[in-house]
Amino acid sequence: MKKADRIKRMKTPKNRDSFNGRLPEGQVLTEKFPILHEGDVPTYDLDEWSLKVTGNVNKEVTLTYKDIMNMPQTDITVDIHCVTRWSRFDNAFTGVRFKDFLKEIGVEPKSNYVMLHGDNDYTSNIELKDLMGDDILLAHSFDGKPLTDKHGWPLRLVVPHLYFWKSVKWLRGFEFIDENEPGFWEENGFHLRGDPFKEERFSGEDLDIPEDEWEKKEFD
């Protein structure tokens, strides 16, 4: 059974408090940081690591980890929301804003859609407009310390206004594409965009999602 189908079958929690609109409908607030991903946790030699920008752009670029760390760094504090129904407030990430990243590398997009690439052949689609906010980060640190391996070290994307599967771990590439093609989870039943405040969880019928699935996962 696909993950999306398994999630749909379970009951939906009732929000007792929206925290002045910060907690989307159907979410449960936690102070823990659940660990969810597909495949094994990668290991890295940073001397061999690279991040690529490819596709429909004025030029393609390959960057080293040192290139990323030499870019202007930004601290953000944001709320995050997972499609498996947990939300966590006030998460402090450090990294490079995506819009600063584009400016630093001199890349001009020629399309409005991006396929995000992570290790383990993970992909997720996103619209360019969803990457251009002040709180969209190529993050290397969390709470003032380097990300743990299981949370995406050495680099992950943080897109806090969308469900957290869009915040790709072990980020390795931005591929600019002509159409809004589905990525890994989108091909397996999840919504093409994933706005938590619109409950854009699934591409098909909106059924229930497990209230406690995330509680069975590992935590930091």
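1. A residue is called buried under 20% relative accessible area, exposed over 50% and partly exposed in between, using a 1.4 Å probe and protein chains only. By this scale F19 is partly exposed, with a relative accessible area of 33%, whereas F89 is buried at 15%.

2. The model is predicted: local features need pLDDT of at least 70, side-chain atom pairs count only at pLDDT 80 or more, and totals for chains, interfaces and linings use all residues. Residues are numbered from 1 along each chain as its sequence is written, and side-chain values use heavy atoms, with hydrogens and water left out.

3. The protein chain has four helices and 13 strands (DSSP runs numbered from the N terminus: helices are H or I of at least four residues, strands E of at least two). Of its 220 residues, 50% are buried.

4. The structure holds 17 aromatic pairs. Rings of Phe, Tyr and Trp (its six-membered ring) pair if their centres lie within 6.5 Å; planes under 30 degrees apart count as stacked, over 60 as edge-to-face and the rest as tilted. The rings of F19 and F89 have centres 5.5 Å apart and planes at 85°, so this pair is edge-to-face. It links distant parts of the chain, 70 residues apart: F19 is in the loop between helix 1 (3-8) and strand 1 (28-29), and F89 is in strand 6 (residues 86-97).

5. W185 and F190 are also edge-to-face, because their planes stand at 65°, with ring centres 5.5 Å apart. Both residues are buried. Ring pairs join W185 and F190 with Y122, Y163, W165, F184 and F202 in a cluster.
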